[in-house]
Every structure is written in structure tokens, then in C-alpha cells.
Amino acid sequence: MERLDQVFLEMKEEPLPRSREEFESRAILYHILMDLQDFLACKQSFIEGLDERQRKIYWNDPEAPEKPENG
């Protein structure tokens with residue numbers, strides 16, 4: 001997420017677009033980056049909500065304990 005924040009800052013430092021086409025291209029890119037930022041925030045929130053066993057399963061840790069039979 002830090003790298004994405006850096007990309008946003010770099011975009012702000014860019015000179016203004018010279019044409020409508022360049023403006024629209026940058027607007028689309030900016031929107032995609034905002035969607036990516038939202039996705040990463042959701043993923044981070046999801047991972048933070050997992051307990052240790054769930055994290056090991058999520059990351060395919062071969063040492064993760066087996067799932068209980070009745071759970």
C-alpha cells in the first residue's frame with residue numbers, strides 16, 4: 001500500500017495533461033489505482049481478521065494443523 005501511495009504522489013507531481021485524450025487516459029489510470037487501493041484495503045482487513053490457524057491455511061503453510069473433523 002505504501003508503494004501505491006507513492007504512485008499517487010508521483011502522479012500529482014506530473015505536469016497537467018496537454019490534450020483531452022491524455023486527460024482521459026490519466027483519469028482511467030487514476031480510477032484503476034483507486035480500485036486497487038480499495039481491493040488491497042479489503043484484503044488487508046480480511047487477513048487481519050484471521051486467527052493463526054486460518055492464516056496458515058490461507059498461506060498454504062504445510063505445517064498448518066488439520067481442520068477439525070466436526071468443525
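Author: Buried means under 20% relative accessible area, exposed means over 50%, and partly exposed lies in between (1.4 Å probe, protein chains only). This is a predicted model, where local features need pLDDT of at least 70, side-chain atom pairs count only at pLDDT 80 or more, and totals for chains, interfaces and linings use all residues. Residues are numbered from 1 along each chain as its sequence is written, and side-chain values use heavy atoms, leaving out hydrogens and water.

Reader: How many aromatic pairs does a search of the whole structure find?

Author: Rings of Phe, Tyr and Trp (its six-membered ring) pair if their centres lie within 6.5 Å. Searching the whole structure on that basis gives 3.

Reader: Which helices does the pair of F8 and Y30 link?

Author: F8 and Y30 sit 5.1 Å centre to centre with 75° between the planes, an edge-to-face pair (over 60 degrees; under 30 is stacked, the rest tilted). The two residues are 22 apart in the chain. Helices here are DSSP runs (H or I, at least four residues) numbered from the N terminus, and the pair joins helix α1 to helix α2.

Reader: What is the angle between the ring planes of Y58 and W59?

Author: Y58 is partly exposed at 32% relative accessibility, while W59 is exposed at 52%. Their ring centres are 5.0 Å apart and the pair is edge-to-face, because the planes are at 85°.

Reader: Which residue do ring pairs link with Y58 and W59 into a cluster?

Author: Y58 and W59 belong to a cluster linked by ring pairs.
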